[in-house]
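Dear colleague,

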Amino acid sequence: MELKQTPLHSIHKEMGAKMVPFGGWDMPVQYTGIIQEHLATRSAAGLFDVSHMGEIFVTGDETDVLSFLESVTCNTISGMKVGQVQYNAVVNEAGGLVDDITVYKFSESKYMICSNASNYPAVTKHLETYKKGNVTVVDDSKNWHQIALQGPKADEIFSKYLGKDLSSILYYHFEEMNWKGETIIVSRTGYTGEDGFEIYTSNALGVTLWKELLEIGKEFGLVPVGLGARDTLRLEAKYPLYGHELNAEWTPVESGINFIVKEKPVSYLGYTRIIADKKNGPKRKVVGIRLMEPGVLRENFPIFSSEGKEIGKSTSGTHSPSRKESLGLAILDTEFAKNQMEVFVEIRGQKKLAKVETGAFIQGSVRNNR
């Protein structure tokens, strides 16, 4: 199967990026090195090509659109304000996830769903299957380009580039603005644990934006960042990834994103199972885990209790460039998913001591003022 390419593909290759397959796309995994790109994002800023993500627009009658979105997602859409972004999940009939998403509210009759690269065709099909009333679902991904500018200096860089104060855009909010003859979308969101923006433009403007931001950001320490550091950054921030912590079988409560699970007057797909997990507690759930002995956590390592009982498995893992230790995420039987609980991870036939860490791995610059 031929890999898809983003509009920046040739530029990545010109910049010497190492390219790898990801979700059906040929994407840069690193430019100068994962650790250097990671630490640059934590200390200054990093620029990410995320134009492989999906943009799905849901429009129609105000009442019908709201009712429809409420019926296929587990977070409450009705409380959203115009200009707000919400972390949410599209759920299936079994209570598992079709995808975790961000929802953008433009008006009472217009919303945009940003979906993961490998999932947006499935999300679109799912929405088409369950839509009712005067509702239109359009996958407009091919016409949108997305860049993420992340890091403690992201605001300073982008404000200088636009010649505009961006402090009015609060965390998990967005603004439409006119730039170089088109309407672009700028949201204060991201996948790193740092402050920053996700910028939606046409494909042509996206390429221009990439080049100009890297040029103007040089003096601030801005660097291009590949998927390798994107993964280590999201793991330090404890952000889940579909296919690892999230899937079609586990409920959002099991997957560790129970904070987006809400009771609603009208039930959504998988409601009974999901709410039962929320109220009674799931039998297993995703938590942070930290290796206390030499070794590196990776996905699908079996995890045992101190008595030798198998109690779960790792779902993601890495050597943290910020903390300089091995950490990750794991799905464990709930009785063992307690902060600082000692467990053992089997790595290459050896059981290594680890501890459950339910708190934050890092304290980034992200603005928690939703």
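**The interface between the two domains**

Between domain 1 and domain 2, four residue pairs are in polar contact, with both residues of each pair at pLDDT 80 or more. The salt bridge count between domain 1 and domain 2, by contrast, is zero. Please bear in mind that this is a predicted model.

On the domain 1 side, helix H2 (34–43) and helix H7 (227–236) each contribute at least two of the residues that touch domain 2. That side of domain 1 is made up of six nonpolar, four polar and seven charged residues. In terms of contacts, 17 residues of domain 1 meet 18 residues of domain 2.

The area buried between domain 1 and domain 2 is about 1500 Å², and carbon and sulfur atoms account for 57% of it. Tyr171, Leu235 and Glu236 provide 45% of the area that domain 1 buries against domain 2, more than any other three residues.

**Domain bounds and annotations**

As to the division of the chain, domain 1 consists of residues 8–52 together with 142–236, while domain 2 runs over 283–369. Taken over C-alpha atoms, the centres of domain 1 and domain 2 are 29 Å apart.

The UniProt record, an unreviewed entry, assigns "domain: GCVT N-terminal" to residues 8–262. In the model, residues 8–262 are 28% helix and 31% strand, and the C-alpha atoms at the ends of this span are separated by 39 Å.

For residues 284–358, the unreviewed UniProt entry lists "domain: Aminomethyltransferase C-terminal". This span is 60% strand and 0% helix, with 14 Å between its end C-alpha atoms.

With kind regards

Note on methods: Residues numbered from 1 in each chain as written. Predicted model: local features only at pLDDT ≥ 70, side-chain atom pairs only at ≥ 80, totals over all residues. Heavy atoms only, no water. UniProt positions renumbered as here; feature names shortened; annotations may be inferred. Helix = DSSP H or I, 4+ residues; strand = E, 2+ residues; numbered from the N terminus. Domains from an automatic or database assignment. Contact = heavy atoms within 4.5 Å. Buried area = accessible area lost by both parts, 1.4 Å probe. Salt bridge = Lys/Arg side-chain N within 4 Å of Asp/Glu carboxyl O. Polar contact = N/O pair within 3.5 Å; in protein donor to acceptor, adjacent residues only side chain to side chain. Nonpolar A, V, L, I, M, F, W, Y, C, P; charged D, E, K, R; others polar.
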